[in-house]
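Student: I have just opened this one and would like to go through it slowly. Could you help me find my way around?

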Amino acid sequence: MAETKTYREALREAMVHELDNDESVVLMGEDIGVYGGTHLITDGLYDEYGPNRIMDVPISENGFTGAAVGMAMMGMRPVVEMMTWNFSFLAADQIIQNAAKVRYFSGGQVEVPLVIRGPNGGGVQLSAQHTHSLESFYGHFPGLKVVAPVTPNDVKGMMLTAIRDPNPVIFLEAGALYGTKGEVEEGDNAVPFGKARVAREGSDVTLIAYGRQVNLCLRAADTLSEDGFEAEVIDLRSLRPFDEDTIVESVEKTHRAVAVQEQWRWFGVASEVAAIIQDRAFDSLDAPVERVSGAEVPGPYARNLELMAFPSEKQVTNAARRVLYEEEK
Amino acid sequence: MSAENEHSEDGGVETREDGGAIATSSERLVDLYRQMALIRAFEEACQKGFRQGKIGGYLHVYIGQEAVATGFLQAFEEGDRVITAYRDHAHALLLGSDPKEVMAELYGKGTGLVKGKGGSMHLFDVERGLMGGYGIVGGHIPLGVGIAYAMRYQETDHITQLYLGDGAMSQGAFHEAANLAGLWGREGQCPCLFIVENNKYGMGTSVERTTAMTDLAAKFDAYGIEHEKVDGMDVEAVVEAAERVAEQVRETGKPYAIEALTYRTAPHGAADFFENYRTKEEIEEWRERDPIGMVEHKLIENDVLDEDKLEEIRDEAKERIQEAVEFADESDEPPEEELYTDVYAGEDEYTGEA
Ligand SMILES: Cc1ncc(C[n+]2csc(CCOP(=O)(O)OP(=O)(O)O)c2C)c(N)n1
Ligand SMILES: [Mg+2]
């Protein structure tokens with residue numbers, strides 16, 4: 001059974017599911033309770049579960065994230081909301097120095113079943129300090145799991161998996177898509193980490209993305225289709241663990257690949273994708289792997305500059321045409 | 001609160017209800033009124049621009065809090081510096097930034113105060129002393145302390161006015177920076193005036209719900225910084241405190257903190273639709289003490305200006321802001337080459353390659 005729901009509803013449903021099933025689950029964050037959450041993800045939960053489980057906290061990201069790590073070490077399962085991921089830099093010390101590593105440097109004596117979630121990415125003129133896509137930043141650190149679901153079904157299924165995971169999970173939501181709708185399976189639809197999703201099948205070129213850029217790739221695929229080229233679109237959805245096989249299988253079929261990301265190109269996920277393809281599918285390639293990324297500048301405010309700073313459909317279709325040795329448009 | 005008796009230009013000494021004496025000539029009060037009316041008109045135009053989709057991103061207006069920055073910036077002297085968070089339009093206007101350029105910034109135009117690159121939260125006018133608006137709560141506080149240190153290191157007698165919200169005081173950055181200020185201030189090396197704009201809420205969370213010790217001024221005790229509170233809705237009280245305290249900070253090189261008790265009658269930001277964290281009655285009560293309304297009342301009561309004259313001042317402000325809106329609307333977006341400028345300083349041209 002499936003029902004049409006928004007990304008927001010699906011996300012909330014997963015948290016409610018686990019709040020109901022597991023006493024050790026608590027939600028924590030700025031303005032998530034009385035206020036209902038700045039993105040209304042947790043609206044109404046405070047009244048239902050009370051202040052001990054839906055915890056409003058002061059503006060002190062480093063402090064409350066660290067406290068959540070401590071709770072997790074004691075067997076609680078905190079789900080921390082970063083009002084936006086931009087504020088997680090304040091908590092990065094706790095996330096990287098404690099959450100990611102305490103299991104290792106304690107010789108396996110403790111676990112950190114912690115989820116940190118919130119909207120990731122830019123695109124609505126929030127300018128430099130509020131425009132970040134943090135997947136490679138967090139993906140860099142062993143000990144963290146990093147996921148970025150884009151469909152309502154995946155956001156629910158992956159949140160269920162995240163809360164049950166005994167490790168710290170960086171849960172990067174497509175903030176711009178909270179209101180978008182899709183089919184969501186009823187009940188427990190846990191989606192495993194480390195398994196990419198083929199969002200569109202095709203035989204001529206593989207477009208690889210995650211988060212909001214998956215939708216961009218799907219639009220680009222439609223445009224390419226008008227010219228007679230069928231693109232396969234792969235939604236990575238889980239970045240650590242990472243599904244190499246799905247990419248390799250696709251490239252063995254299409255012989256061409258374009259990796260798309262919103263974040264800056266240097267040291268990013270797309271570079272990792274390109275490296276994996278040349279490692280494992282070198283002989284299948286008919287063209288060098290292309291990367292499409294955000295411009296190497298802090299997020300600008302002005303609309304025209306911001307649009308230039310983000311990957312566009314045209315950039316994706318042209319990158320695809322380049323690997324197909326076709327004329328750019 | 002220690003309020004000294006001071007004589008106003010016209011020789012009169014007025015007494016506030018709480019016994020503190022304030023001295024404001026009629027002329028000056030009218031001038032303060034004019035400044036606050038300009039801010040109010042600007043902020044209302046911003047709200048309209050946001051609704052029309054002309055302004056993007058986040059928008060935080062200063063409605064209700066005008067007396068705070070207006071009062072404190074009366075004590076601003078050339079060479080002083082001001083730093084604040086994202087609720088920064090008033091600070092720019094009061095320091096003399098052209099309303100046209102400020103509005104153009106919000107409209108994302110190349111003629112904007114920071115070329116359309118920062119928007120509402122990041123107003124800078126370094127020439128006039130504004131060291132910026134910042135978007136990460138608490139993030140600017142250490143900068144302000146460093147700026148103050150630099151002033152003494154560079155052997156000037158300038159001071160820094162460092163504005164912060166009640167919510168920002170929960171951040172580690174605040175506590176670390178206040179500690180540094182106290183420490184450096186011992187040697188007279190940190191002329192920093194902390195101005196806590198306590199508007200009772202950080203977004204939807206009241207002060208009572210963020211700290212078990214709600215006397216915000218007294219938190220500075222922990223760092224050896226003297227402090228007091230001021231009625232942030234009463235512009236004359238703010239001016240009195242500001243001038244006295246700024247002088248002291250300038251002379252001693254020691255930090256000082258003032259908690260201004262104020263209220264934003266507007267929503268937190270443009271996306272704060274429901275405001276279910278406070279009651280309509282509470283907002284109404286504070287509207288009664290609207291800083292602009294209180295001055296109007298006083299000007300009428302003292303027969304300084306009548307309703308018509310007040311309206312004339314408000315209309316003048318609105319006209320000036322209307323010109324700013326038109327300027328912003330008609331200006332061009334930043335040229336595309338601006339995308340890669342200002343990323344790095346120095347002679348080398350940057351084109352986006354690492
Ligand atoms: C580090 C960080 N966390 C959260 C936010 C989101 N946020 C923006 S304004 C705000 C409230 C700040 O309150 P306060 O310091 O009292 O200033 P006010 O808005 O009342 O002027 C919050 C939580 C942010 N910008 N930065
Ligand atoms: Mg506040």
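Student: Which residue of chain A does Arg209(B) form a salt bridge with?

Tutor: Arg209(B) forms a salt bridge with Asp56(A), and their closest N and O atoms are 2.8 Å apart; the term stands for a side-chain nitrogen of Lys or Arg within 4 Å of a carboxyl oxygen of Asp or Glu. Before going on, note that this is a predicted model, in which local features need pLDDT of at least 70 and side-chain atom pairs count only at pLDDT 80 or more, while totals for chains, interfaces and linings use all residues. Residues are numbered from 1 along each chain as its sequence is written, chains are lettered from A and ligands numbered from 1 in the order in which they are written, and side-chain values use heavy atoms, with hydrogens and water left out.

Student: OK, and how many salt bridges are there between chain A and chain B?

Tutor: The count between the two chains is two salt bridges. The rule also finds 15 residue pairs in polar contact across this interface, both residues being at pLDDT 80 or more. A polar contact is a pair of N or O atoms within 3.5 Å; within protein, one must be able to donate a hydrogen and the other to accept it, and residues adjacent in sequence count only if both atoms are side-chain atoms.

Student: Which part of chain A gives the largest share of the side that touches chain B?

Tutor: That is helix 11 (residues 303-309) of chain A, with five residues; helices (H or I, at least four residues) and strands (E, at least two) are DSSP runs, numbered from the N terminus.

Student: And how much area do chain A and chain B bury between them?

Tutor: They bury about 3200 Å², 61% of it on carbon and sulfur atoms, where buried area is the accessible area (1.4 Å probe) that two parts lose on being put together, summed over both. In chain A, Tyr35(A), Ile59(A) and Tyr301(A) lose the most area to chain B, together 22% of what that side buries. Counted by contact, meaning heavy atoms within 4.5 Å, 37 residues of chain A meet 43 residues of chain B.

Student: Switching to the metal, what are the protein donors of the magnesium ion (ligand 2)?

Tutor: The donors are Asp166(B) through OD, Asn199(B) through OD1 and Tyr201(B) through O, lying 2.1 to 2.2 Å from the ion. Donors are N, O and S atoms within 2.8 Å of the metal (3.2 Å for Na, K and Ca), and water is not among the atoms, so sites may look incomplete. In sequence, the donor residues are spaced D-x32-N-x1-Y.

Student: Is Asn199(B) buried or exposed?

Tutor: Asn199(B) counts as buried because its relative accessibility is 6%, with buried meaning under 20% relative accessible area, exposed over 50% and partly exposed in between (1.4 Å probe, protein chains only). Tyr201(B) is also buried, with a relative accessible area of 6%.

Student: What about the backbone, where is Asp31(A) and what is its phi?

Tutor: Asp31(A) lies in the loop between strand 2 (25-29) and helix 2 (45-49) of chain A, and its phi is positive, about 60°, although Asp31(A) is not a glycine. Most residues other than glycine have a negative phi, and most peptide bonds are trans. Phe267(A) has a positive phi as well, near 65°, but Asp31(A) is buried at 3% relative accessible area, whereas Phe267(A) counts as exposed at 70%.

Student: Which peptide bond is cis?

Tutor: The bond from Arg240(A) to Pro241(A) is cis, with omega near 10°, and Pro241(A) sits in the loop between strand 12 (238-240) and helix 9 (244-254) of chain A.
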